[in-house]
Amino acid sequence: QVQLAESGGGQVQPGGSLRLTCTASGSIFTIAGMGWHRQAPGKERELVARIIADGTTNYLDSVKGRFTVSRDNGKNTVYLQMNNLEPEDTAVYYCNVLGMTKQLRSFSSWGQGTQVSVSS
């Protein structure tokens with residue numbers, strides 16, 4: 001079983017910055033990919049950014065140039081640095097980690113979600 005612990009959400013003014021952190025723990029053998037999704041009220045959950053084992057990253061078009069995803073493999077941790085935040089970024093942000101357990105079973109775990117609110 002793999003657990004995720006998220007932190008770093010909050011309320012900021014437009015143009016502000018936040019950094020989200022997600023750490024995976026448990027029976028982890030290897031992690032293939034780590035990423036962040038978000039869900040705004042009345043909207044479907046969408047992929048914001050992800051980073052895979054070789055360091056390749058993907059971003060939602062609307063956050064390119066403002067958000068940066070990174071990972072610390074030694075700590076099983078993924079970060080999302082969010083700069084120049086806009087009101088449209090307001091949502092609950094969820095961490096997602098894909099990998100394999102020590103029992104050689106694939107897993108896809110989700111964090112509990114952290115609220116990001118951008119308003120003046």
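Let me start with a term: buried means under 20% relative accessible area, exposed means over 50%, and partly exposed lies in between, with a 1.4 Å probe and protein chains only. By that cut-off Arg66 is buried, with a relative accessible area of 9%. Keep Arg66 in mind.

Some ground rules. This is a predicted model, where local features need pLDDT of at least 70, side-chain atom pairs count only at pLDDT 80 or more, and totals for chains, interfaces and linings use all residues. Residues are numbered from 1 along each chain as its sequence is written, and side-chain values use heavy atoms, with hydrogens and water left out.

Now the fold. The protein has eleven strands and zero helices. Strands here are DSSP runs (E, at least two residues), helices likewise (H or I, at least four), numbered from the N terminus. The C-alpha trace spans about 50 × 25 × 25 Å along its principal axes. Of the 120 residues, 42% count as buried.

Next, the inside. A nonpolar core is a set of buried Ala, Val, Leu, Ile, Met, Phe, Trp, Tyr and Cys residues joined through side-chain atoms within 4.5 Å. The largest one has 29 residues, and Trp36, Phe67, Val78, Leu80, Met82 and Tyr93 have the most contacts inside it. Elements giving two or more residues to this core include β1 (2–7), β3 (18–26) and β11 (114–118). Take Met82. Contact means heavy atoms within 4.5 Å. Leaving out residues up to four places away in sequence, Met82 touches Phe67, Tyr93 and Arg66, among others.

Back to Arg66, then, and to charge. A salt bridge is a side-chain nitrogen of Lys or Arg within 4 Å of a carboxyl oxygen of Asp or Glu. The structure holds five. Which residues are linked in a network of salt bridges? Arg38, Glu46, Arg66, Glu86 and Asp89.

First up, Arg38 and Asp89, at 3.0 Å, N to O. Arg38 sits in strand β4 (28–39) and Asp89 in the loop between β8 (77–82) and β9 (91–101), 51 residues apart. Both Arg38 and Asp89 are buried.

Next, Glu86 and Arg66, at 3.8 Å, N to O. Glu86 lies in the loop between β8 and β9 and Arg66 in the loop between β6 (57–59) and β7 (67–72), so this pair ties together parts 20 residues apart in sequence. Glu86 is partly exposed, at 31% relative accessible area.

Last, Asp89 and Arg66, at 2.8 Å, N to O. Their two loops are again joined, so parts 23 residues apart in sequence are tied together. Asp89 and Arg66 are both buried.
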